[in-house]
Amino acid sequence: MPEIEDSGKTLGAERLGAPVLDRYDVAILQALQADGRLSNTELAQRIGLSAAPTWRRVRRLEELGVITGYRAEIDRRRLGLGVLAFVRVDAERDNAPAMQALEAALHGMPEVLSCHYISGAGTFELQVLATDLDAYSRWVRDVLFRLPNIKDVHTSFSLGEVKAGGPLPLRHLLP
């Protein structure tokens, strides 16, 4: 993976296989996190490069998998998704085929916003959306408990959102 240089200095030395990024790459990431709808011309103006090198840098960041996509931020409550549940799922860890089937099933569920392996008690931590408590209860009974390898489920409900969907911190990439 080639390093990008900025005045002879590279930023964010390879960390755990991460590509080396220079200040322009970091500026692109910051600008696109703030407004993913920027045109290439607007982006170039914000970071202080001309349009062609800016476009090449964005394409490179996409090819490297640093930029993984673009999407609109949507207010779930305005669409009737009033319940956000944090669900700890306990599963048998010593049954590899059942774990793979469980992972595949969870991955394909639109109600599951995120799924993480966790340390400590439990196997997975899910973020799940539902229209209301009754819909969540039906989903647990009719969908989650029917998945392979589920031992137990523990749910906590969000009582209010303090911060969500914020941009990634990038200061560690700067000198």
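**Exercise 1.** What is the order of the strands in the open sheet, and is the pairing parallel or antiparallel?

*Solution.* The model is a predicted one.
Step 1. Four strands build an open sheet, and reading across it gives S2-S3-S1-S4.
Step 2. The pairing is antiparallel.
Step 3. From one strand to the next, the twist averages 20°.

**Exercise 2.** How many bridges join S2 to S3, and which residue of S3 is the bridge partner of Ser-114?

*Solution.* 
Step 1. S2 and S3 run antiparallel and are joined by 5 bridges.
Step 2. Ser-114 has Gln-127 in S3 as its bridge partner.

**Exercise 3.** Find the strands that helices H4 and H5 lie across, and give the angle of each helix to S3.

*Solution.* 
Step 1. H4, residues 96-107, lies across S1, S2, S3 and S4 and runs at about 30° to S3.
Step 2. H5, residues 133-142, also lies across S1, S2, S3 and S4, but runs at about 135° to S3.

**Exercise 4.** Describe the largest pocket and its lining.

*Solution.* 
Step 1. The space in the largest pocket is about 1800 Å³.
Step 2. Its lining has 47 residues, and those closest to the centre are Arg-71, Glu-73, Gly-165, Gly-166 and Pro-167.
Step 3. Two or more lining residues come from each of helix H1 (23-34) and strands S1 (83-91), S2 (112-117) and S3 (124-130).
Step 4. H1 gives the largest share, 4 residues.
Step 5. By type, the lining residues are 25 nonpolar, 12 polar and 10 charged.

Note on methods: Residues are numbered from 1 along each chain as its sequence is written. This is a predicted model: local features need pLDDT of at least 70, side-chain atom pairs count only at pLDDT 80 or more; totals for chains, interfaces and linings use all residues. Side-chain values use heavy atoms; hydrogens and water are left out. On a 1 Å grid over the protein atoms alone, a cavity is a set of points where a 1.4 Å probe fits but cannot get out, and a pocket is an open set with protein on both sides within 12 Å along at least five of seven lines; lining residues have an atom within 4 Å of a point. Grid points are joined across faces, edges and corners, and a volume is the space filled by probe spheres set on the points. Ala, Val, Leu, Ile, Met, Phe, Trp, Tyr, Cys and Pro count as nonpolar, Asp, Glu, Lys and Arg as charged, and the others, Gly among them, as polar. Two strands pair if DSSP finds at least two bridges between them. Axes are lines fitted to C-alpha atoms, for helices over the stretch in contact, and angles run from 0 to 180 degrees between N-to-C directions. Contact means heavy atoms within 4.5 Å.
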